[in-house]
Amino acid sequence: MNRTLTTIFGLTVACATGFAGAQEVKGDAQAGEKKVAMCIGCHGIPGYQASFPEVHKVPMISGQGGKYIAAALDAYKKGDRKHPTMRGIADSLSEQDIADVSAYYEAHGKKAGELPAQPSRQPSAQVQALLQKGACVSCHGANFAKPIDPSYPKIAGQHSDYLYVALKSYKTEKNQNVGRSNAVMAGIAKQFTNAELKALAGYIGSLDGDLQVVPQPRFR
């Protein structure tokens, strides 16, 4: 096993052990439907773009794993993910709110059937080498839509420009408003140039996935 995989699996075990003792708050999707008004203004509009820290489509979260959404919101709340708007939203949510919103989006617009175990579109030789270097399938699954841990994201079919911005954020340090603190992802992202990260994001974003934008009105 190479050093990258050893690091990933070692940290995965450590994280899993740490979370095992915490009491899990159970989410209620029906309750979550009443709590997403602040989400739909960005995540419920097809093609909606953010302008910070650069122009990119906001991520698709309908169909995303609930435990990943909860982990991401917790990271914004703690400041491990630095994004002023998302930090403000996460700060306004209780643990129960986060669990309910996460449960709602996991079930929201869920597609019928399961994705193939392997992507239908194969990467170029260059991208394949990058995927192997980053050991991406070891966490996100062979089809990039079935992560080995439910707190990891499904990334197949996610907006490529968002994936690119997210990957770059793991390389950002000492910035109060931009960056993500995650030892595993930082170690992986820093191996690559931005051009290589863009190539990875382009391929993964081109794949079939569970993620989608389900149009929702701003006002109900």
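A cavity is a set of points, on a 1 Å grid over the protein atoms alone, where a 1.4 Å probe fits but cannot get out. The structure holds 1 cavity of 30 Å³ or more, a volume being the space filled by probe spheres set on the points, with grid points joined across faces, edges and corners. This is a predicted model, in which local features need pLDDT of at least 70 and side-chain atom pairs count only at pLDDT 80 or more, while totals for chains, interfaces and linings use all residues. Residues are numbered from 1 along each chain as its sequence is written, and side-chain values use heavy atoms, with hydrogens and water left out.

**Overall architecture**

- The protein chain has 11 helices and 4 strands; helices (H or I, at least four residues) and strands (E, at least two) are DSSP runs, numbered from the N terminus.
- Of the 220 residues in the protein chain, 44% are buried; buried means under 20% relative accessible area, exposed over 50% and partly exposed in between, with a 1.4 Å probe and protein chains only.
- Among contacts in the protein chain with a separation of 6 or more, 74% come from residues 24 or more positions apart; contact means heavy atoms within 4.5 Å.

**Nonpolar cores**

- The largest nonpolar core has 26 residues, and those with the most contacts inside it are Leu-131, Phe-144, Leu-200, Tyr-203 and Ile-204; such a core is a set of buried Ala, Val, Leu, Ile, Met, Phe, Trp, Tyr and Cys residues joined through side-chain atoms within 4.5 Å.
- Two or more residues of this core come from each of α4 (66-78), α7 (125-134), α9, α10 (183-189) and α11.
- A second, separate core of 16 residues includes Ala-70, Leu-73, Tyr-104 and Tyr-105.
- Apart from its neighbours within four places in sequence, Tyr-203 is in contact with Pro-119, Arg-121, Gln-122, Pro-123, Val-127, Leu-131 and Phe-144.

**Buried elements and residues**

- Helix α9 is largely enclosed by the rest of the structure, because 8 of its 10 residues are buried.
- The cover over the buried residues of α9 includes β2 (56-57), α4, β4 (179-180), α10 and α11.
- Ser-102 is found in helix α6 (residues 95-107) and counts as buried at 2% relative accessibility.
- Beyond its neighbours within four places in sequence, Ser-102 is in contact with Gly-66, Ile-69, Ala-70 and Leu-73.

**Cavity and pocket**

- The largest cavity contains about 30 Å³ of space.
- Its lining consists of Cys-42, His-43, Ile-45, Gly-47, Tyr-48, Val-58, Pro-59, His-159 and Val-213; lining residues have an atom within 4 Å of a point.
- By class, the lining of the largest cavity has 6 nonpolar, 3 polar and no charged residues; Ala, Val, Leu, Ile, Met, Phe, Trp, Tyr, Cys and Pro count as nonpolar, Asp, Glu, Lys and Arg as charged, and the others, Gly among them, as polar.
- The second largest pocket has a volume of about 480 Å³; a pocket is an open set with protein on both sides within 12 Å along at least five of seven lines.
- Of the 19 residues lining the second largest pocket, Ala-145, Lys-146, Pro-147, Lys-154 and Asp-210 lie nearest its centre.
- The lining of the second largest pocket comprises 5 nonpolar, 6 polar and 8 charged residues.

**Backbone geometry**

- Most residues other than glycine have a negative phi, and most peptide bonds are trans.
- Phe-52 and Pro-53 are joined by a cis peptide bond with omega of about -5°, and Pro-53 lies in the loop between β1 (49-50) and β2.
- Ala-135 has a positive phi near 50°; it sits in the loop between α7 and α8 and counts as buried at 10% relative accessibility.
- Phe-144, also not a glycine, has a positive phi of about 60° and counts as buried at 2% relative accessibility.
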